[in-house]
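Take a walk through this fold with the model open beside you.

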Amino acid sequence: MATTTRRKKPSVEPKARSGFNVEAYLESAGGKRQVVPYRRGAIVYAQGDPGIDIRYVQKGTIKLSVLSSTGKEAVVAMLTAGDFFGEGALAGQAVRMGTATAVTASQVLIIEKDAMVHLLHDEPAFSDRFIAYMLARNIRIEADLVDHLFNSSEKRLARTLLLLARYGEKYPSRTLPKISQE
């Protein structure tokens with residue numbers, strides 16, 4: 001009688017990774033990342049600077065703005081703890097499209113582009129967190145555009161004030177930056 005040998009099917013289950021702690025990573029320096037403190041009013045990066053890294057706000061408030069060729073400034077976003085910015089570097093932007101300024105004393109984690117690419121490929125928990133953040137921000141930007149196109153200036157102002165106050169969020173920011181009517 002002939003005996004048959006059964007081959008084990010390779011497992012399609014991903015191997016369990018050692019517990020990568022996303023929060024610990026984002027709150028510390030080391031390797032190809034550094035934590036940099038910024039005083040109020042300091043430039044985190046300027047429009048036209050090389051886009052060679054991705055930033056993460058650990059503490060404080062960061063204003064993203066764009067300056068037109070005529071010298072008019074437009075505030076694109078107000079970022080607080082837990083927000084990523086400068087991700088255009090991942091999409092091939094060689095230079096920064098805007099200026100990031102510390103509105104309050106802030107602490108920012110700077111992650112080199114190649115380290116970020118490796119994290120996104122090798123650490124599913126980190127990748128999930130980053131993608132979820134980017135999708136939520138994209139949804140908000142689309143809502144801003146719709147708001148701008150279809151709502152009155154009074155409704156837009158009310159929505160902007162609610163967004164700045166982080167109304168409806170679990171841990172709203174208590175400090176609002178001084179912003180002019182413009």
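This is a predicted model: local features need pLDDT of at least 70, side-chain atom pairs count only at pLDDT 80 or more; totals for chains, interfaces and linings use all residues.

A residue is called buried under 20% relative accessible area, exposed over 50%, and partly exposed in between, using a 1.4 Å probe and protein chains only. Ala94 counts as exposed because its relative accessibility is 57%. Numbering starts from 1 along each chain as its sequence is written, and side-chain values use heavy atoms, with hydrogens and water left out.

Stay with Ala94. It sits in the loop between strand E6 (84-85) and strand E7 (99-102). Strands here are DSSP runs (E, at least two residues), helices are runs of H or I with at least four, and both are numbered from the N terminus. Which residues does Ala94 contact, leaving aside neighbours within four places in sequence? They are Asp49, Pro50 and Gly51, where contact means heavy atoms within 4.5 Å. Gly51 is 43 residues away in sequence, yet the two C-alpha atoms are 5.1 Å apart.

Now widen the view. The protein chain holds 4 helices and 8 strands. Along the sequence they run α-β-β-β-β-β-β-β-β-α-α-α. Take the contacts between residues at least 6 apart in sequence: 73% of them join residues at least 24 apart.

Turn to the sheet. An open sheet is formed by 4 strands in the order E2-E7-E4-E5, with antiparallel pairing. Strands pair if DSSP finds at least two bridges between them. Strand E2 (43-45) and strand E5 (73-80) are the edges; each has a single partner strand, so one side of each lacks a neighbour in the sheet. From one strand to the next, the twist averages 30°. Strand E4 (residues 61-67) pairs with E5 over 7 bridges, in the antiparallel sense. Lys63 stands opposite Met78 in E5.

Last, the interior. Of the chain's 182 residues, 31% count as buried. In soluble globular proteins, nonpolar side chains tend to be buried together. A nonpolar core is a set of buried Ala, Val, Leu, Ile, Met, Phe, Trp, Tyr and Cys residues joined through side-chain atoms within 4.5 Å. The largest one here has 31 residues. Leu26, Tyr38, Ile62, Leu79, Phe84, Phe85 and Phe126 touch the most other members. Not counting residues up to four places away, Leu26 touches Tyr56, Gln58, Phe84, Leu109, Ile111, Phe126 and Arg129.

Key. Axes are lines fitted to C-alpha atoms, for helices over the stretch in contact, and angles run from 0 to 180 degrees between N-to-C directions.
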